[in-house]
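Open the model in your viewer and keep the selection panel at hand.

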Amino acid sequence: YLQAQINPHFLFNTLNAAVQLAMMEKAPRTYKYLQNVAQFFRTKTNRENQVTTLRDEIALVDTYLYIINVRYAGAFSYEKFLDEDLNSVEMPSMILQPIVENAINHGLRDMEGGSGKITLSTYETGKSITISVRDNGKGMTLEELEKVRQGKVSPHQKGDETNGVGLANVVERLKLFYHCDNSDDVFDITSAGPGKGTEVLLYIPEDTEEEKGTVHVSDTDR
């Protein structure tokens, strides 16, 4: 309870002081790490329940994975295949990072020798934009996948860490934002089986019908 009452400004000011201290002590790696931590928490706090862009969501994932790789001594690799024309697509904030965090905590963390990998892809498919977050971790059975699709359980629910934003929350926020009735309009999850990784797919509708919402892409950002 007390942790929840910490003033975000106190946290940011403390981290910024640590950043300056690292700079004065000529510790560049510590300086960069603390800068990223401060930026991560600042972004999470400022963007809560706001509209953002795909570009900014990916930037938050970049920052998060940098922090995690320092924490776990480079245990995870990260690859991106992005359609740059989609970067300014609007979407709810705090969508991608919780999915990546789930993949790290429950799909990859127990892998040995730094072999864990996250692959983030964006591309257009028919009348939607697809965002793929894929890991090469523990994978899931068909029964587990179906339970997740039905909202009965979160992927790898037994993990001992959580970011407080479950997959069901992410899906519901996407449905609300894009005025979709069904979860499979905005989400799917696949796996080739145990030990063969998991892929989470998010769908952003491109049609401009009022009941489906509108995706805005600025020509100046192309």
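Two strands pair if DSSP finds at least two bridges between them. Helices (H or I, at least four residues) and strands (E, at least two) are DSSP runs, numbered from the N terminus.

This is a predicted model: local features need pLDDT of at least 70, side-chain atom pairs count only at pLDDT 80 or more, and totals for chains, interfaces and linings use all residues. Residues are numbered from 1 along each chain as its sequence is written, and side-chain values use heavy atoms, without hydrogens and water.

**Stop 1: the sheet**

Select β2 and β4 (residues 116-125). They run parallel and share six bridges. Find glutamate 79: threonine 119 in β4 stands opposite.

Now widen the selection to the whole open sheet. Its five strands follow the order β2-β4-β5-β7-β6, with mixed pairing. On average, neighbouring strands are turned by 15° against each other, direction ignored; axes here are lines fitted to C-alpha atoms, for helices over the stretch in contact, and angles run from 0 to 180 degrees between N-to-C directions.

**Stop 2**

Turn on side chains. The structure holds five salt bridges (a side-chain nitrogen of Lys or Arg within 4 Å of a carboxyl oxygen of Asp or Glu).

Select lysine 80 and aspartate 62. Their closest N and O atoms are 3.1 Å apart, in a salt bridge. Lysine 80 sits in strand β2 and aspartate 62 in helix α3 (residues 54-71), so the pair ties together parts 18 residues apart in sequence.

Colour by accessibility next (buried is under 20% relative accessible area, exposed over 50%, partly exposed in between; 1.4 Å probe, protein chains only). Lysine 80 is partly exposed at 36%. Aspartate 62 is partly exposed too, at 26%.

**Stop 3: helix α5**

Move to residues 142-149, helix α5. Glutamate 146 and arginine 149 form a salt bridge, with closest N and O atoms 3.6 Å apart. They are three residues apart, about one helical turn. Glutamate 146 is partly exposed at 35%, and arginine 149 is partly exposed at 33%.

**Stop 4: helix α6**

Which residue does glutamate 172 meet in a salt bridge? Select lysine 175: the N to O distance is 3.3 Å. Both lie in helix α6 (residues 167-178), about one helical turn apart. Glutamate 172 is partly exposed at 44%, whereas lysine 175 is buried at 13%.
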